[in-house]
Amino acid sequence: MHRTKLRKLSIAGLFCALAVVGSLLSFPVLGSRCAPVQHMVNVLCGLLLGPGYGLGTAFCASLLRNLFGLGSLLAFPGSMFGALFCGLAYKQWKKLLPCLLAELLGTSLAGGLAAWPLAVLFLGETAAELAIYAYIFPFFLSTAAGTLLSGMLVISLQRAGLLQTLQGQLQTAKAEKEAGIC
């Protein structure tokens, strides 16, 4: 049981670090900072760890990005919805394409819509200055780049057999947990 949690936490920690360091490769688009590496991390978390760890990793990465001055408050909805939706989609269908689409739509639509009230409440923007869709397009651009990047990476990992190996190791750990072997 502890081995499974330790493996998943270790992988989640590595993904969180990758997302924070990867945010140095961000670019501004219409009032938000787009960080495509975060979306790649969301997809990888969804494929390997599931929705809960994906959501937790996105939250921790967003928190660290804000603490280090590498992101804004909008990093939270801009990553967390996509990570959750991506993990849920992969859990349901076990296929890459629904996972990628869930990341794209979860971040751009749900994250973009959730960013609007945050901008109004905490960033001093007035509702009249912002249309409700003001963050959907910038989030879509960032997510599209990260989703494309992660799709190429996952396909490469699949062809090399590494993705299946990682998933198998996590499933072995899960089976050991269920059997009571620690």
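Student: Where is Ser23 found?

Tutor: In this predicted model, Ser23 is found in the loop that runs between helix α1, residues 2-22, and strand β1, residues 27-29.

Student: Is Ser23 buried or exposed there?

Tutor: Ser23 counts as buried, because its relative accessible area is 2%, and the cut-off for that class is under 20%.

Student: Which residues does Ser23 touch, leaving out those up to four places away in sequence?

Tutor: With those sequence neighbours set aside, Ser23 touches Ala35, Arg65 and Leu70.

Student: And what lies 2.5 Å from a polar atom of the Ser23 side chain?

Tutor: That is the backbone oxygen of Val20, which lies 2.5 Å from a polar atom of the side chain of Ser23.

Student: OK, switching to Lys91: which helix is that in, and is Lys91 buried or exposed?

Tutor: Lys91 has its place in helix α4, and Lys91 counts as exposed because its relative accessibility is 58%, where the class begins at over 50%.

Student: How far is the C-alpha atom of Lys91 from that of Gly50?

Tutor: The two C-alpha atoms are separated by 6.7 Å, although Lys91 and Gly50 stand 41 residues apart along the chain.

Student: Now the largest pocket: how many residues line it, and which lie nearest its centre?

Tutor: The lining of the largest pocket is made up of 15 residues, and those nearest the centre are Leu48, Leu49, Gly50, Lys94 and Gln171; the space in this pocket comes to about 340 Å³.

Student: Which helices supply at least two residues of that lining, and which gives the most?

Tutor: Helices α2 (36-48), α4 (75-93) and α7 (162-179) each supply at least two residues of the lining, and α7 gives the most, with four residues.

Student: How does the lining divide into nonpolar, polar and charged?

Tutor: The lining residues of the largest pocket divide into six nonpolar, five polar and four charged.

Student: What share of the contacts with a separation of 6 or more is between residues 24 or more positions apart?

Tutor: Such residue pairs account for 69% of the contacts in the protein chain that have a separation of 6 or more.

How values were computed: Residues numbered from 1 in each chain as written. Predicted model: local features only at pLDDT ≥ 70, side-chain atom pairs only at ≥ 80, totals over all residues. Heavy atoms only, no water. 1 Å grid on protein atoms, 1.4 Å probe; cavity = no way out; pocket = protein on both sides within 12 Å on 5 of 7 lines; lining within 4 Å. Points joined across faces, edges and corners; volume = space filled by probe spheres on them. Nonpolar A, V, L, I, M, F, W, Y, C, P; charged D, E, K, R; others polar. Contact = heavy atoms within 4.5 Å. Buried < 20%, exposed > 50% of the residue type's maximum accessible area, 1.4 Å probe, protein only. Polar contact = N/O pair within 3.5 Å; in protein donor to acceptor, adjacent residues only side chain to side chain.
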